[in-house]
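Please look at the sequence and the model below, and keep both in view while reading. The paragraphs that follow move from one part of the structure to another.

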Amino acid sequence: STLSSSSAASDVYKRQVLEVEEANRQWWVPRFGLNESEEVEIGLKEKYVQAFKDFLAPLDEKLAARIVNFSDMTPDESLSQHIAHLVRRINLLNLRLETGDLERLRGMPAIPFEPLILQSDQEMIPELDEMVSLSYFHYLIWSLDSGRVKTEMADLQKLLRHALLQKGGELNWLVAWANSRESLSDVTLEGFWGGSLPVPEAKTVRPAFTRAGKEEIEGFLKELEGALPDPGSTLIARQKLDFGKWYRAAYLENWEIFASGFSEGANRLAGVEDRRQMIHKMASDQGPYFALLDRMAEDLEPLGESESDPGWFNLVFEYQGVKAEAAALAASKNTSVLSKATQKGEQLIGKLGQKLGKISREDMIERRLRAGKAYSGYRKLLDEMTAVAGSRKAAFEAASQVFGEDPAGETSPFIGIDK
């Protein structure tokens, strides 16, 4: 395409300029006023800047036309893609006005140029995106006209403010932006259950509702504030508060839906061998259910506490406290030492005592001790069940024992775990 050939030509020209630049950097003898090579370098850079500006102008015109026509019907994916381009480009321009330090400029987040090359062959977009990004960077650092840079930045800020006004100014498009990040991934049933069989309409947790996704969104919000004209953060203060409330509710809902359908992951297991392997994992921390509880604690922890939290939210962290208590119990048989050794469990439980009502510290410690002991016993019985399940003969004998003994005796792990 024309865009591909123009990008390629710009890239070739850029490489030639870089070769001249490097040759001048390697010049080690006195010049004695012979500065022709440096003048050639300056001239080449000026021509490159003008040529790239001519290449960029029609693309920017199309970009502006699309953004001006944005409405409440514009998909969040498209809106977020264009806003990301504007934000990162504005911030790079702003830094360029401040400094010519190449290391600082290179350290800025990469500008996604996909919105400028939407008409290209889809297979070519990743390659073109990288090529245009590098060409733009050199166009910027070789540009000596600060007025041109200021004008470009001001034009982009106008487009950014227009884009942010869509959909009532809501920032919910940040979720679509995070979900499109290649560095992030869904939380899936496959990640816990393994297996190879597909589960129809399997639930997932989208990347935006993970710990990593939340960090990406918070980081990009800071970039957005930096890209806006002064007073920056004040311009979207209300929108940030509204988004925070909506995002928290959506985050919890995503995890609740995933957890409610989690047991469907067992349908991924194909045949006896898959199920046998899963049985051996089930009693360990790598078992799907224990792993899910750990993952939920990790990803939900950044949300902090709220009076409106659903009951299951607090139970996720109560489980972590009980687990820490059981670990301390296993490490020490002296309960007086145990009460001092379980500060981690107390921290993980957080304000659980307040949520349960006015409970004294002594009662809280006693609760944790009982829960820790019960958890340890439960895990022990699971281990025994796993050992039994690994052998047909042992499984048959265990099943016979269940129906042949007094339930009060609790000799069988199957009876014990049921209690």
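In this predicted model, helix α3 passes helix α6 in a left-handed crossing. Two packed helices are described by the angle between their axes and the distance between the axes. For α3, which spans residues 76–98, and α6, which spans residues 146–164, the angle is about 150° and the axes lie 9 Å apart. Because angles over 145 degrees count as roughly antiparallel, α3 is roughly antiparallel to α6.

Which residues of α3 and α6 meet? On the side of α3 they include Leu-79, Ile-83, Leu-86, Val-87 and Ile-90, and on the side of α6 they include Val-149, Met-153, Leu-156, Leu-159 and Leu-160. The residues of this contact divide into 14 nonpolar, three polar and three charged. Among those that meet there are also Arg-89 and Asn-94 in α3, as well as Lys-150, Glu-152 and Gln-157 in α6.

The side chain of Thr-74 reaches the backbone nitrogen of Ser-71 at 2.9 Å.

Most residues other than glycine have a negative phi, and most peptide bonds are trans. Glu-201, in the loop between α8 and α9, also has a phi near 55°, which is positive although the residue is not glycine. Is Glu-201 buried or exposed? Its relative accessibility is 71%, so Glu-201 counts as exposed. As for the peptide bonds, a cis bond joins Asp-230 and Pro-231, with omega about 10°, and Pro-231 is placed in the loop between α9 and α10 (237–260).

The loop between α8 (190–193) and α9 (211–227) also holds Thr-210, which counts as buried because its relative accessibility is 4%. The side chain of Thr-210 reaches the backbone oxygen of Pro-207 at 2.7 Å. Leaving aside neighbours within four places in sequence, Thr-210 is in contact with Ser-185, Val-187, Val-205, Tyr-251, Arg-295 and Asp-299.

One of these contacts, Asp-299, is found in helix α12, residues 288–300. At 1% relative accessibility, Asp-299 counts as buried. Where does the side chain of Asp-299 reach? It comes to the backbone nitrogen of Arg-211, at 2.6 Å. Asp-299 and Lys-214 are 85 residues apart in sequence, while their C-alpha atoms are 9.0 Å apart in space.

The whole protein can now be considered. There are 19 helices and zero strands in the protein, and buried residues make up 41% of its 419 residues. Among the contacts between residues at least 6 apart in sequence, 72% join residues at least 24 apart.

Methods:
Residues numbered from 1 in each chain as written. Predicted model: local features only at pLDDT ≥ 70, side-chain atom pairs only at ≥ 80, totals over all residues. Heavy atoms only, no water. Helix = DSSP H or I, 4+ residues; strand = E, 2+ residues; numbered from the N terminus. Buried < 20%, exposed > 50% of the residue type's maximum accessible area, 1.4 Å probe, protein only. Polar contact = N/O pair within 3.5 Å; in protein donor to acceptor, adjacent residues only side chain to side chain. Contact = heavy atoms within 4.5 Å. Axes fitted to C-alpha atoms, helices over the stretch in contact; angles between N-to-C directions. Parallel < 35°, antiparallel > 145°, perpendicular 65-115°, else oblique. Left-handed = near helix turned anticlockwise from the far one by under 90°. Nonpolar A, V, L, I, M, F, W, Y, C, P; charged D, E, K, R; others polar.
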